[in-house]
Amino acid sequence: MNCKITQQEIEDAIQNMQLGKSPGPDGLTSKYYKTLKDYLILPLMEVCNQIMGGGRAPETWKEAFITLIPKVETEKTQLRNYRPISLLNVDYKIFADILASRLKKVLNEVIHKDQAGFLPGRHLFDNTRNIIDILELLQTNINTKAVLIFIDAEKAFDNISWKFMKKNLEGMGVGRGFENGIEAIYSEQKAKLIVNNVVTEEFHIEKGTRQGCPLSPLLFISVLEVLLNMIRRDRQIQGITVGEKQYKLKAFADDLVITLQEPESSTKRVLELIQEFGRVAGFKLNKQKTKVLGKNLTPLEIEGFQKETELVVVKKVKYLGVNLTSKNLNLFKDNYEKCWLEVKKDLETWSRLKLSLLGRIAAVKMNVLPKMLFLFQTLQVVDRVECFGKWQRDISKFVWQGKKPRIKFKILTDAKERGGFALPDLRLYYEAAAFCWLKDWILLENTDVLDLEGFNNSLGWHAYLWYGKVKTHGMFKNHIVRKAIFMVWMKYKDLLESKTPRWLSPVEAKAWKKPNMEAGWPKYWELIEKIGDNWRLRSFENLKDKVRDWFHYAQINEVVKLDKKIGFQVEKSKLETELLEPKTKVLSRMYNLLLKWNTQDETVKSAMIKWAQDIGYNIMFEDWERLWTTGMKFTACNALKENIMKMIYRWYMTPVKLAKIYHLSDNKCWKCKEAEGTFFHLWWTCPRVKAFWEMIYNELKKVFKYTFPKKPEAFLLGIVGQKVLKKDRMFFMYATTAARILIAKQWKTQDLPTLEEWQTQLIDYMELAEMTARIRDLGEEAMEEDWKKFKNYLKKFYKLYEL
């Protein structure tokens, strides 16, 4: 926490800065620091270490522009409904980012796991899961009277007392150097407002944490933790009880929900603590916006509660973007159905724009997927799979503009590196999110979740997951979360684990479930050993600390004998490597795994077979993979990429296909008017088209100054052979794509592009190539090298480039 800031920390902080963010008052962007970091690291390090040693911060670090962003679904004429975001200088943010990285390591140990905000390994969906599980518990225990209080604080981040914040850090023992850093940036601050693009006069700030600063959320949760600890430790406050445990609260930064039994007395004590805390810390409760859900309360009890506490009991509340009521049965309707109505409206708006196929798929990824993925991660309650079919049909209608699909849905959803279009498969995303929740059932580590979610389980979790005890204990699926997740597990169980898994705990599976379960259950990989070719349970002496007694050991041994019949998983399974072991990107890992399984019957696509039949020989699968993984990356322009994908999947309607669809008598080629107009004829073997490609081929030989084979897969698909030098392949892709796009523009006519049109198109593509180089930060030299031969060709043969 207090050691000197290193060059590596400065470099990492600069590297982590996102491009495209608004700069602070000095106007210097993150790209400026990234580009000049070799020159800036040492002076930045010197300034940062001076501050850590007790020096003053630069005056520019105290400055900020504040822009106001309106809160969603609020009255825009009220100032309190705007969120102030501070635009800070990047050099200040580099220093703050380093302090934040150091503070996170401490806070992960200090801050209770009930606080899910802004710390590694903690997730927003932990909070919604907790609330749903509590409502399920209270739905069963109808004699337990309870309230869920959704706290709203007035400008929580902006009112925090600096004095209290610094004292709190001192009490945490962060050290003198870190305290110096905080003192330097939280002793004097000034800002200017930007309102309707007008900058106001400067004013001074003496409280609050700046939203926009990397340190701000961490400093806030460290202060709020004082209040949360007061609530956790107070015996007068009765949380929702499961065995010996009490579930009192969950927080995501300032979004705090308090779950209480003994509603009146517990709530009054909570309000007293909030008032006491607010006097010293600057935290103030907004009673008008604080909402309460009541459970198992009579109308008379609700009236008495409201009178005593001055809080309003409501039927519906929105918490962390999720609409909640006192009954979980409403979750799907209030969230999924409501969200999809908004999505359909958005799709209708987008459909009026003239978007390409890839553009429409991008619209789904940017506009639809984030909304649905949020719900998938926060609400695992879908037990009717029909909705996925409906959503898929709506998306398909948008993607194909109401017309008949020309490419299979599986191919559309497959990964780009396997020749797909990466259209999101919503059902697979939902199932991948379900596995993220299922992970707790498998690992048996998070006992808080397991006790609450399994409050009425009779047996251990693994008995239901592996030994089929759901059939004899029907109550297991009488729970909105358990039912939904278990459906997904059963769908993939045999695919994921064909043998007895390493993670399975027969000890836990055979144990009767207690209200508060233990942690550290032994797994199979700890219990068995291999002697020769035979697997057996380790000796009693080796397992004394894992079993109760000889009788218990004998029981486990009988289970091992039965499990041995289907065999034991020796190597780590995909479930272990993709779900159980990783700490980050678990959802995307599981989605990719499920997607690969779902599309495996499309590994060799029908279009690939048709291409082999047309050209008379097989294109190696490695060549297809090279096209998908690297060949398509020659440009950032979607229109050019889309042309290649359309060629791969034989998108364009031909006279033969149209004659078959509409029962027409004429199926002749539009160009030569003689042979049947098949796809390959129109693109390659038609005499007139063949002459066009011969012209393009001859011009390319002039550009490259060497000859190479004229193969249809190179000119039509971009599968470039080794005979075209590596340094020329980028231009070759642009040149052949330009030719194909020009043919497609005159698709149903007898005309063909001219040489001049092709050259002009390529000159236009030079600008696209320049934009691609800028987007990818490749530098002008690389782009110039790719197009140098073409420029020389134009000067030498046509004197066009000067024009």
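The report below covers helix packing first, then strand pairing.

This is a predicted model, in which local features need pLDDT of at least 70, side-chain atom pairs count only at pLDDT 80 or more, and totals for chains, interfaces and linings use all residues. Residues are numbered from 1 along each chain as its sequence is written, and side-chain values use heavy atoms, with hydrogens and water left out.

**Helix packing**

Helices (H or I, at least four residues) and strands (E, at least two) are DSSP runs, numbered from the N terminus. Axes are lines fitted to C-alpha atoms, for helices over the stretch in contact, and angles run from 0 to 180 degrees between N-to-C directions.

Helix α6 (residues 162-172) packs with helix α7 (residues 176-185) at about 170°, their axes 10 Å apart. The two are therefore roughly antiparallel, a term for angles over 145 degrees. In contact terms (heavy atoms within 4.5 Å), M165, K166, L169 and E170 of α6 meet E179, I182 and E183 of α7. This contact has 3 nonpolar, no polar and 4 charged residues. Ala, Val, Leu, Ile, Met, Phe, Trp, Tyr, Cys and Pro count as nonpolar, Asp, Glu, Lys and Arg as charged, and the others, Gly among them, as polar.

Helix α6 also meets helix α8 (residues 216-233): the axes come within 10 Å and cross at roughly 80°. α6 and α8 are therefore roughly perpendicular, which covers 65 to 115 degrees. On the α6 side, F164, M165, N168, L169 and M172 take part; α8 supplies L219, S222, V223 and V226. Here the classes are 7 nonpolar, 2 polar and no charged.

**Strand pairing**

Two strands pair if DSSP finds at least two bridges between them. The pairs are tabulated here.

| Pair | Sense | Bridges |
|---|---|---|
| β1 (residues 65-70) and β4 (residues 189-195) | parallel | 3 bridges |
| β1 and β2 (residues 82-87) | antiparallel | 6 bridges |
| β3 (residues 146-151) and β10 | antiparallel | 6 bridges |
| β9 (residues 249-252) and β10 | antiparallel | 4 bridges |

F65 has partners in two strands: F65 stands opposite K192 in β4, and its bridge partner in β2 is L87.

What encloses strand β10? Strand β10 (residues 255-261) has 6 of its 7 residues buried, so the rest of the structure largely encloses it. Buried means under 20% relative accessible area (1.4 Å probe, protein chains only). Within β10, Q261 is the bridge partner of A146, and L256 is that of A251. β9 and β10 form a hairpin with 2 residues between them. In that turn, A253 has a positive phi of about 60°.

How values were computed: Parallel < 35°, antiparallel > 145°, perpendicular 65-115°, else oblique. Buried < 20%, exposed > 50% of the residue type's maximum accessible area, 1.4 Å probe, protein only.
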